[in-house]
Amino acid sequence: MVQIAVIWDQGADRSVPLPSYETPGAAGADIRANFAPDFREEGMTIAPGFRAVIQTGLRFEIPNGYEVQIRPRSGLALKHGITIPNSPGTIDSDYRGPVGVILHNASNQPFHVSHGDRIAQMIVAPVVQAQFAVVEGLSDTERGAGGFGSTGHS
């Protein structure tokens, strides 16, 4: 098991739960909104078609060789059209700043985020860095250079 060191950001509400796996088989840990004291009561409303950074009140120390991916919660996407435009968002192992989640309201209705709401899920994943080398040619495959839709399957 990988351990992610967590500290509270300045002004964070420490009563908001840390990221947590809601079921034993969950791949993603739910992460919550943690607004600054001035915004806790009112939260934030995201207008249709707009996006906003929702603070989590957390900072991570992710072990070298791992990343944290931030992904949408399927229920928010289906029921409210709330997604993450850069999904999956990546938090690199050398980043130590505040963790915010970019939420996009793809619906035609305003969406309200309250203090403590589960806003996204985070996946801890291994990272492999590659070496890049210029070569004279690439090996042949059955697919070759066929791009988008080239396999004939939808």
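A pocket is, on a 1 Å grid over the protein atoms alone, an open set of points with protein on both sides within 12 Å along at least five of seven lines; a cavity is a set where a 1.4 Å probe fits but cannot get out; lining residues have an atom within 4 Å of a point. A volume is the space filled by probe spheres set on the points, which are joined across faces, edges and corners.

The model is predicted: local features need pLDDT of at least 70, side-chain atom pairs count only at pLDDT 80 or more, and totals for chains, interfaces and linings use all residues. Residues are numbered from 1 along each chain as its sequence is written, and side-chain values use heavy atoms, with hydrogens and water left out.

**Largest pocket**
- Its lining includes M1, V2, Y21, F60 and M122.

**Cavity**
- The structure holds 1 cavity of 30 Å³ or more, and about 40 Å³ of space lies in the largest cavity.
- Among the residues lining the largest cavity are W8, P17, D30, I31 and R32.

- Not counting residues up to four places away in sequence, I119 touches residues including I31, I54, L103 and V113.

How values were computed. Contact means heavy atoms within 4.5 Å.
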